[in-house]
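Q: I would like to learn how to read salt bridges and surface patches in a model. Could we go through some cases one at a time?

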Amino acid sequence: MPKFEYTTLAQRYTARFPLLTYVGTQVNFWIMANVLLVIILNLQQRIIDQSLNTSIAVKFESILLIAIISGIFYGISLGLSGYYLDRSSFGKLPLGEIIVFKAGGSLILLTILLWLLQILLFNSSTASLFYIPGLIFNEGSWRYLIYLLLIYYFFMTLIISFINQVNRKYGPGVLVPLLLGRYRNPREEERIFMFMDLKSSTTTAERLGHLRYSAFIRDCYGDINEILFPFRAQVYQYVGDEIVVMWPASEGLKNHFCIRFYFACQDKFRDRRTYYTKTYGFIPEFKAGLHMGKVTAVEIGEIKKDIAYHGDTLNTAARIQGVCNEYNKDFIVSDCLIERVGENRRMTTEDLGMILLRGKTEKVRILSVGWCVS
């Protein structure tokens, strides 16, 4: 299977099953964390046996079963709570408050987990299922076990939270190829880029003032982000009042996702017209340019690492977006992309002719695109 397919499949699955993907990822992390703890404790017990010339017949399978069950319970609980909290008004709280709140929630969940584990180990009706010959749990040993689990879970929570944040930064399916060094050396990929720029941004900034304008841009980007997964889009960059969205070519062309995405964003803003009108006095409008072609992807930076894309494709997409005002159009697409994406009875196009974009030596045919709902 080609390397690029992992990222594509991961993004497809995340787009189709966002909740299941998020919860499943947390479950997998915590199962692995618990299994690692069991392995470490088992090896430690063997070291002690060899050092003291003793032999304690530990029922490894029982301990492993407890670890897996605990990982499933803890992962599902944290996954469900984290998923819905991040998508509610909770996600707009300051980062410090979010960390404290989640830490408190994790502590409550861990307390419940330890309480259930205590019932399994000490209840006469279930203790036989997890009986470990040669070992007797008493109040003292159970207290030290709690200390061990609290310390271990605390540090594993930090590690897993870090992985989650990195995964959110790069998007689904990118972290693993990044860790494997896929982008350490430049590699060529075929991608679609859309440059979306806020219309009348200077006038809007003067009208709102810089603080309310920043809040306005934040809300716009928040609504656009809710449209990403259904249309398999990824955010490449936020540049002031401009957002750059991209797709692997195979993903963006499928079902006209790269075309429909722009109009889905417009529909989202209209659905939220009451909020925008009440809060800012108007509904946001974006103009966009869309183009596809070969680009070079490479990991850059030392202090702040990122994946950068270079090539004429990005320049052309940016230039296409730049002529929207000149032609009084909201959405302009290159002819080569229209040929690749194919016709659709809902899509309307207007040929704007061949133009020489600023900084280019060859003319490009561009078209204005519309989309009929019915």
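Q: Which side chain meets that of glutamate 190 in a salt bridge?

A: The model is a predicted one. To call a salt bridge, look for a side-chain nitrogen of Lys or Arg within 4 Å of a carboxyl oxygen of Asp or Glu. Here glutamate 190 pairs with arginine 340, with 2.9 Å from N to O.

Q: Are glutamate 190 and arginine 340 buried, partly exposed or exposed?

A: Relative accessible area under 20% is buried, over 50% is exposed, and values in between are partly exposed. Glutamate 190 has 29% relative accessibility and therefore counts as partly exposed. Arginine 340, with a relative accessible area of 45%, is partly exposed.

Q: Where do aspartate 267 and arginine 270 lie, and how many residues apart are they?

A: Both are in helix α10 (residues 257–271), 3 residues apart, which is about one turn of the helix. Arginine 270 is partly exposed at 40%.

Q: Which residue forms a salt bridge with arginine 365?

A: The partner is aspartate 351, and 2.7 Å separates the closest N and O atoms. Because arginine 365 lies in strand β8 (residues 364–371) and aspartate 351 in strand β7 (residues 347–355), the pair ties together parts that are 14 residues apart in sequence. Arginine 365 is partly exposed at 30% relative accessibility, and aspartate 351 is partly exposed with a relative accessible area of 44%.

Q: How many salt bridges does the structure hold, and which residues are linked in a network?

A: The structure holds 13 salt bridges. Arg187, Glu189 and Arg191 are linked in a network of them.

Q: Now the surface patch. Which residues form a nonpolar patch on the surface?

A: For a patch, each member needs over 30% relative accessible area and no salt bridge, and nonpolar side chains are joined within 5 Å. In this model Ile72, Ile76, Leu80 and Tyr84 make up such a patch, with about 340 Å² of accessible area together.

Q: Where is isoleucine 76 found, and what is its relative accessible area?

A: Isoleucine 76 is in helix α3 (residues 60–86). Its relative accessible area is 36%, so isoleucine 76 is partly exposed.

Technical notes:
Residues numbered from 1 in each chain as written. Predicted model: local features only at pLDDT ≥ 70, side-chain atom pairs only at ≥ 80, totals over all residues. Heavy atoms only, no water. Patch = residues over 30% accessible without salt bridge, like charges linked within 9 Å, V, L, I, M, F, W, Y side chains within 5 Å. Areas by Shrake-Rupley, 256 points an atom, 1.4 Å probe, with all protein chains shown as cover. Helix = DSSP H or I, 4+ residues; strand = E, 2+ residues; numbered from the N terminus. Buried < 20%, exposed > 50% of the residue type's maximum accessible area, 1.4 Å probe, protein only.
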